[in-house]
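Me: Can you walk me through this one? I'd like to start with the strands and then go to the chain contacts.

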Amino acid sequence: MEIPILKIEDFLIVSFQTELSDDEIDKLREDILDKIKETNARGLIIDITALKIVDSFMARSLSSIATTATLLGAKTVVVGMQPAVALTLVELGLRIKWNIQTALNLERGINLLREALKSEKDVVYE
Amino acid sequence: MTEKEEFVEELSGLLEDNATELKKQWVKEMTEMGLLEKLSSLEIEQQSTAIYDTCVLTIKTGMYEAAKKYAREMAKKGVLEAMTVDQIIMGMLKLRDVYGRFIFYKYQKDVEKLYKVLGVYEPVANRILSIVALAFVEEREMKITDQQQAMLTLSTPVLQIRDQILVLPLIGTIDSARAAQIVEQLLNSIVDTQASVVIIDITGVPIIDTAVANHLIKTIQAAKMLGADTIITGISPANAQTLVTLGVDLSMMTTRGSLRSGVKLADEMLKLVVMEKR
Amino acid sequence: MSEDKLPVKNESDIISVRSFGRNLAANAGFGIVDQCRITTAISELARNAVVHGGGGSVTIKTIQNDKKGIEIIFRDEGPGIVNLELALKGGYSTVGGLGIGLSGAKRLMDEFQITSSAGKGTTVIIRKWLK
């Protein structure tokens with residue numbers, strides 16, 4: 001199934017609405033990275049509010065999307081993780097491997113990216 | 001009918017026939033010892049009759065169910081409020097004495113028979129006493145378990161002190177069950193209030209061991225995944241030393257000495273300025 | 001008591017067995033966090049069975065003796081795990097994963113048993129009890 005990738009200002013927003021199979025996640029990763037290149041997005045927000053489970057495969061995929069997106073110039077924030085999911089991930093043993101920026105909700109995520117980009121611009125243009 | 005059964009019947013018959021007199025003697029002796037001070041005369045009459053009858057029934061039938069049931073009821077109903085466990089056991093010992101003396105008196109002329117009747121009576125009397133004592137111990141234990149459960153569910157309050165700041169004051173010993181409950185509650189509060197900074201104050205936690213430290217670390221990591229930062233405040237010098245000695249990795253903890261400085265740091269992180277009103 | 005044997009052959013099976021597991025756990029009375037732990041453990045083991053075991057099957061059922069719980073048994077007839085000790089330690093992966101499938105599932109559940117022998121496949125039994 002096709003997952004829409006939305007663009008607001010300089011950012012891309014991807015919202016996971018259903019559980020995805022491993023193949024679909026891999027496909028989505030390709031789509032996101034293509035879109036970043038295509039739009040020159042400076043930021044990427046992945047909304048996982050609707051996900052009831054994030055297993056190690058999903059965590060690894062999110063992590064690799066974040067790392068690659070950052071390499072392509074889009075700072076990545078994951079927003080909306082459920083408390084039970086966070087606790088389970090910690091217990092699963094992901095403490096070292098999870099190095100993705102997070103925010104409580106979409107709004108905070110956007111603010112976080114704006115702040116980060118603003119300080120970047122300050123350095124470059126003034 | 002065996003000889004033993006005959007004795008049982010004879011003895012219980014005697015105890016039934018002399019019930020009024022023996023009960024009176026028993027109550028009198030208990031009153032003299034000051035065991036019944038808090039009971040009304042009606043209560044004394046009802047309770048002593050019930051206990052007396054239950055004991056005779058137990059001697060007669062050799063079935064302990066009635067005694068067990070009664071002892072349990074007694075323990076649960078909290079005759080305790082008017083009588084301490086000590087007083088109740090003393091009272092039961094008195095009843096045994098009253099029966100014992102009565103048996104001596106009845107069979108004093110026939111020592112051989114006295115010996116045999118006592119052989120029937122003593123095990124039953126001892127058993128009744130142990131049943132009563134046990135009922136109270138069990139009741140106590142149940143109460144303790146209930147209280148432990150209550151303390152667990154009493155739970156630790158999560159306080160929202162600013163729009164985006166939560167404070168979790170931890171007090172008392174933290175075991176695994178409590179830690180798990182605290183973690184869940186805190187994470188849910190973060191999402192409910194959309195708080196981005198959490199201050200965990202551990203001034204009231206007497207001992208921090210590796211297990212507690214691991215729970216703290218787990219909490220910090222999970223909160224971070226939701227998008228909230230955690231500040232730990234109130235680590236005592238002794239606890240800090242223990243943690244270092246245990247080799248707990250504290251590098252990922254943001255700590256401050258007091259709750260006050262923790263709140264200050266949280267304000268800074270959120271770029272909040274608290275000013276005096278002019 | 002409900003018992004069902006479900007196939008774990010491909011990636012879409014992973015999603016269906018874990019949603020089956022979640023429903024069973026929810027009906028058994030597990031809270032949100034435990035449901036998440038159970039579902040995640042199922043997901044890890046199901047992926048192991050598909051990726052390493054060449055596919056297998058899973059039985060998910062509620063159990064009751066003096067306490068109530070959920071029991072999940074994964075069976076595959078794949079190559080087996082050669083170095084079980086290493087695989088359980090975590091951080092070990094033959095396919096470039098995070099290598100926390102087995103050890104992670106073990107941490108999320110109350111009981112964990114695994115039998116595996118080279119060439120004969122792997123059986124993993126996990127249980128979680130209602131507190």
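Me: How many bridges join strand S3 of chain B to strand S4 of chain B, and do they run parallel or antiparallel?

Reply: Five bridges join S3 (residues 197-204) of chain B to S4 (residues 229-233) of chain B, and the two strands run parallel. Val197(B) faces Asp229(B) of S4(B). Strands count as paired if DSSP finds at least two bridges between them. Helices (H or I, at least four residues) and strands (E, at least two) are DSSP runs, numbered from the N terminus.

Me: What kind of model is it, and how is it numbered?

Reply: This is a predicted model, in which local features need pLDDT of at least 70 and side-chain atom pairs count only at pLDDT 80 or more, while totals for chains, interfaces and linings use all residues. Residues are numbered from 1 along each chain as its sequence is written, and chains are lettered from A and ligands numbered from 1 in the order in which they are written.

Me: Back to chain B. What is the strand order in the sheet?

Reply: The order is S1-S2-S3-S4-S5 (chain B), in an open sheet of five strands with mixed pairing. S1 (159-162) and S5 (254-256) of chain B are the edge strands, each with a single partner, so one side of each has no neighbour in the sheet. On average, neighbouring strands of this sheet are turned by 30° against each other, direction ignored.

Me: Which strands of chain B does H7(B) lie across?

Reply: H7(B) lies across S1, S2 (165-171) and S3 of chain B, at about 160° to S2(B). Helix H10 (residues 259-269) of chain B lies across S1, S2, S3, S4 and S5 of chain B, at about 170° to S3(B). Axes are lines fitted to C-alpha atoms, for helices over the stretch in contact, and angles run from 0 to 180 degrees between N-to-C directions.

Me: At what angle do H3 of chain A and H7 of chain B pack?

Reply: Helix H3 (residues 83-92) of chain A and helix H7 (residues 176-193) of chain B pack at about 135°, with their axes 9 Å apart. That makes H3(A) oblique to H7(B), since angles under 35 degrees count as roughly parallel, over 145 as roughly antiparallel, 65 to 115 as roughly perpendicular and the rest as oblique.

Me: Which residues make the contact?

Reply: Pro83(A), Ala86(A) and Leu87(A) from H3(A), and Val183(B), Glu184(B), Leu187(B), Asn188(B) and Val191(B) from H7(B). By class they are six nonpolar, one polar and one charged. Ala, Val, Leu, Ile, Met, Phe, Trp, Tyr, Cys and Pro count as nonpolar, Asp, Glu, Lys and Arg as charged, and the others, Gly among them, as polar. Contact means C-beta atoms, placed from the backbone, within 7 Å.

Definitions and conventions: Two residues are in contact if their C-beta atoms, placed from the backbone, lie within 7 Å.
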